[in-house]
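The structure goes in first, my notes after it.

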Amino acid sequence: MSDGSVINQDGKRNTSDSNWLSQVQIRHALQADLPSMEWESEYSRYRKVYAGVFQKTKHGMAVMWVADLPSVGLIGQVFVLLKSKGSLTLADGFRRAYLHSFRVRLAYRGAGLGKRLMEIVEDDLRERDFNEITLNVDRNNLDALRLYRNLGYLVVGKDPGRWSYQDENNVLREVEEPGWRLLKKMSN
Ligand SMILES: CC(C)(COP(=O)(O)OP(=O)(O)OC[C@H]1O[C@@H](n2cnc3c(N)ncnc32)[C@H](O)[C@@H]1OP(=O)(O)O)[C@@H](O)C(=O)NCCC(=O)NCCS
């Protein structure tokens with residue numbers, strides 16, 4: 001943001017705040033954060049998905065990172081599956097983890113927060129002795145693809161992007177988002 005001011009979640013500027021990035025705290029999500037992850041209903045359909053991920057954090061199977069700007073609230077997130085029940089090629093519990101649900105609020109993009117979140121994920125995984133990260137990116141999401149490539153991810157294949165979930169009204173939603181499977185091998 002060229003004038004250094006903050007845009008609140010509802011799009012209003014808070015000009016008293018001059019250096020928002022330095023005030024962002026990246027931390028593990030709390031149960032109380034779950035409603036904020038819905039972004040004023042834009043992501044309400046994932047309520048049960050996020051609650052499920054939160055349950056996994058309690059069993060050491062997942063990590064939920066959030067970027068908290070104290071004057072505003074949650075402005076970014078990235079979730080890491082450490083162990084997948086269904087697909088060990090995504091996350092096997094000891095060496096390879098799967099990153100998903102990565103997003104930064106529109107008003108805060110392009111300032112380095114996404115990169116910082118990714119670096120924190122990597123540092124944390126290294127401490128856990130993991131050395132590979134996988135993720136899927138939509139074929140049309142060229143900006144995200146560029147960010148991942150800059151961070152050292154390689155495209156290792158196609159992903160059909162088929163999955164299903166129960167939305168907040170218990171309706172089963174089938175998703176098909178063809179994309180790329182990316183992989184980063186980390187040096188420890
Ligand atoms: C993908 C996403 C999370 C990235 O978050 P972000 O905070 O914008 O990411 P960054 O600011 O770290 O990096 C984005 C770009 O800004 C650049 N940048 C980094 N620091 C910067 C700074 N201090 N000033 C200006 N630009 C900067 C980066 O080099 C990067 O440039 P690139 O597009 O050429 O790669 C965000 O764009 C988003 O939420 N998109 C919608 C959801 C989505 O697509 N998620 C990914 C699903 S796979």
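**Model.** I am working with a predicted model, in which local features need pLDDT of at least 70, side-chain atom pairs count only at pLDDT 80 or more, and totals for chains, interfaces and linings use all residues. Residues are numbered from 1 along each chain as its sequence is written. I looked up pLDDT, the predictor's confidence in each residue from 0 to 100. The protein averages 91, and 90% of the residues score at least 70. Over residues 1-5 pLDDT stays under 50, and the model has seven contacts beyond four places in sequence for them. Two residues are in contact here if their C-beta atoms, placed from the backbone, lie within 7 Å.

**Fold.** I found four helices and 11 strands in the protein; these are DSSP runs numbered from the N terminus, helices being H or I of at least four residues and strands E of at least two. The radius of gyration is 17 Å, close to the 16 Å that the globule rule gives for 188 residues, so the protein is as compact as a globular protein of that length. That radius is taken over C-alpha atoms, and the rule is 2.2 Å times the number of residues to the power 0.38. Along the principal axes, the C-alpha atoms fill a box of roughly 50 × 40 × 35 Å. Of the contacts with a separation of 6 or more, 57% join residues 24 or more positions apart.

**Core.** I noted that 26% of the 188 residues count as buried. Buried means 20 or more other C-beta atoms within 10 Å of the residue's own, exposed 12 or fewer, and partly exposed in between, with C-beta atoms placed from the backbone. The largest nonpolar core has 40 residues, and A62, M64, V78, V80, A97, L99 and V121 touch the most other members. Such a core is a set of buried Ala, Val, Leu, Ile, Met, Phe, Trp, Tyr and Cys residues joined through C-beta atoms within 7 Å. Its largest share, seven residues, comes from β4. I then checked V80: beyond four places in sequence, V80 touches A62, V63, A97, L99 and V121.

**Single residues.** S164 is found in strand β9 (residues 162-166). Is S164 buried or exposed? S164 is exposed, because 9 other C-beta atoms lie within 10 Å. Outside four places in sequence, S164 is in contact with L172, R173, E174 and V175.

E40 is in the loop between β3 (25-28) and α2, and has a positive phi of about 50 degrees although it is not a glycine. D129, in the loop between α3 and β7, has a positive phi of about 70 degrees and is not a glycine either. With 9 C-beta neighbours inside 10 Å, D129 counts as exposed.
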